[in-house]
Amino acid sequence: MVNLLKDLDIRQKAAVIATEGPVLILAGAGSGKTRVLTYKVAYLISRGIKPENILAVTFTNKAANEMKERIMKLTVNSSQLTDRTNAKNSEPSTVNRQLPYVGTFHAFCAKLLRMDGKFIGIPSGYLIYDDDDSLSLVKRIMKDEDISIKSFRPSSMLNAISSAKSELVTPADYAQFARGYFSETVSRIYTVYQKQLHEANACDFDDLLMRTVELFNSEPRILEKWAGRFEYVLVDEYQDVNTAQYTLTKMLSSSFGNLTVVGDASQAIYSFRGADFRNILNFERDFPKAKIFNLERNYRSTGNILSAANKIISHNSSHPVLKLWTRNLQGEKITIYNAENEIDEANFIVDRILSSQKSLSAFSVLYRTNAQSRTVEEAFLHVNVPYRLYGGVSFYARKEIRDVMAYLRVIANPKDRVARNRIEKLGKGRLKKFDDMVERLGGKELKPLKLIDKVLEATDYLLMIDDGTEQGLMRVENVKELKSVAADFENLVTFLESVSLMEGKVTPEKSYEKGRAESVTLMTLHAAKGLEFDNVFMIGMEEGLFPHSRSMLDHEQIEEERRLAYVGMTRAKQKLYLTYASNRLYIGVQSMNLVSRFVIDIPEELVTAV
C-alpha cells in the first residue's frame, strides 16, 4: 500500500486515502486529476474492497479505456508486491485482481436498462437509436403531423427534445410549460416521438440516462439494488455533468454515501452540450460534510505559462478559481505575434515550426472555430508539412464543403454525374430550385463568389445545416469560409481546379490522421481539453473571433470564453504562441478586429512581441 502511494504528492495522497463519505477534488489543469482518480480506485482494491462494488464514471470511451489500463497496471503491480511480501510472511494474497466497472454514463445506463428496464416496459433486447435514426424518426413524425420542414428544421426539433431530456423534462412536463408556436410544436413532436420509440422497443441516446432515472424513481427496490451494490462511486469531469447525470450520481451513491467527484470549474467549457458547472459549485450544499481537496500544483507547464493563465482566469467571478503553481522552470516568455493578415499568421506558424528543429508532433495549433483551420492547412500543404486534424476532417473534406462544391461542379459541367448524385441526396425540392436557378443564369458566367451566394440563396442550404447547435453554426461558418477562398478567383473553372489540387494534396495526409508520429496536430480549443503539447499556437486572438462575437453581450458566455482561453493556454508544456491579425478575411468577410482582451490581460513581463 505504501508502495502504491509513493508516486503521489502530499495533496494527491490525501485525496486518495479520503475514501469515506462525500469527497470533492478540485483539480486544476495539469495537476494529475486522472492519476488521483485511478490511484483511488487501486487504493480501494488494495484495501480489500471488491472491484464489483466500485463504480467509476467518465465522459468518453477513450478516458474510460485509459483509466482501465492504468488501474490494471496499478493493481497488478500492487498485487505482485503483496504476493512477494506475503510469500516472505507465509500469508496468502488477499488482493483481488478483477477490475471495477469503469465507463461512460451512457454505457453504464445502457447495461443497467438491459438488465432491469423491463420494470418500466423496456425489454432486454431494446434498440438504441443513434442520431441518424432519431432524426429520421422526427422527419417521419413531422410529415405525418403535417408540420412543414420549411417552418421548423427537424434537427432543431430533435435538439430541443434532447435538451429537454438532459434536464429530465418529460413530454407531459414540456407540454405543461410550452409557450409560443415553436415550443408548442416541439411538444407535439416530442409526445409522438416518445410514443413511437416505445412502440419500436427503442431508446435514443438521451433516453439511456432519463429512463434510468425514471426506473429508479418508479421502482425504489431497483435503486436500492444498484445503490446497494456500489459502495464507492467516483465521477470524473464533474463540472461537465448535466441535470440527468447529476441526478444519477446522487442516486447511485445514496446507500453508502461514498461519492468522490473530480473537476475544475475553470475548465467548464461545454455549456452548449447541456453541462452546468454550477453542479460542482453546489456539491458542498448537497453534501455539507464533504471533504474538499484543492490540487493546485501543476506538473505540465512552465511558470510563465501558468502565471499568464492564472491572470486571465482570475477575471472570472462566477466560480472559484484555483491558483496553479509549479516547481517547473519559469521557461520562455509567451510569444505574441501581430500578423498582417490570416495568410501571414499561417506562414508565421509554418516558419516557427520548420526553424525549430523539433519533432513536428511536439506542435499543436488551436483555434476557436472550425473554419479557421483552412488557412493553416493550406500553408502546411504548400510546403508539405504533415498535419492531422484531431477530432475532425480537413477543410475540403468536410461534408458541407463537398456539398457546395458539388453544386458548383454541376454548374461548370452538367454531365458531372457524381456531383449531381450528391446534390440529389440533399432533397428533390432543393434540387428543383437549384436547376431553376441554373436555367435562369442561361449560361451567364459569374465569379465563383457570386455563384456561391446564388446557390446558397436558391437552395436554402445554410438554413438546412444551421440547426441552432454549436455544430450547426460551425458548419455554416465553414461554408462561409469557402467564400473566402472563392474571393481570389475570377472564373469558376479556375476555382474548381484550385480546390481539386488542394484536395489532391490533402489525400496523402490521411496516413498522418491515422496516427503517424511526425505530424502537427490541428484542433479546436474545445477538442484540446485533456491533451498536452510541448508547443502550442493559439491563433485568431481577436475580439469577435475569440472571444466569439456570439458571446460578446452575455456575461456568462464571456466567462466561458475565458475558461476556454485558460484551457487552451494550459495545454502548453514549454512554449506558447498567441497570434492575431490586423486584417482578416474570414467567412467571406474582410475585417479589422481589435486584439483579444485575453491577450491584453497578460502582464507585459510575461510576453515578448515579434
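Buried means under 20% relative accessible area, exposed over 50%, and partly exposed in between, with a 1.4 Å probe and protein chains only. This is a predicted model, where local features need pLDDT of at least 70, side-chain atom pairs count only at pLDDT 80 or more, and totals for chains, interfaces and linings use all residues. Residues are numbered from 1 along each chain as its sequence is written, and side-chain values use heavy atoms, with hydrogens and water left out.

Me: Is Arg 475 buried, partly exposed or exposed?
Reply: Arg 475 lies in helix α23, residues 470-486. Helices are DSSP runs of H or I with at least four residues, and strands are E runs of at least two, numbered from the N terminus. The relative accessible area of Arg 475 is 28%, so Arg 475 is partly exposed.

Me: Which residues does Arg 475 touch, not counting those up to four places away in sequence?
Reply: Contact means heavy atoms within 4.5 Å. With residues up to four places away left out, Arg 475 touches Glu 400, Ile 465, Asp 467 and Thr 469.

Me: Which residue caps the N-terminal end of α27?
Reply: Look at the backbone nitrogen of Glu 556. A side-chain oxygen lies 2.9 Å from that nitrogen, and the capping residue is Asp 554.

Conventions:
Polar contact = N/O pair within 3.5 Å; in protein donor to acceptor, adjacent residues only side chain to side chain.
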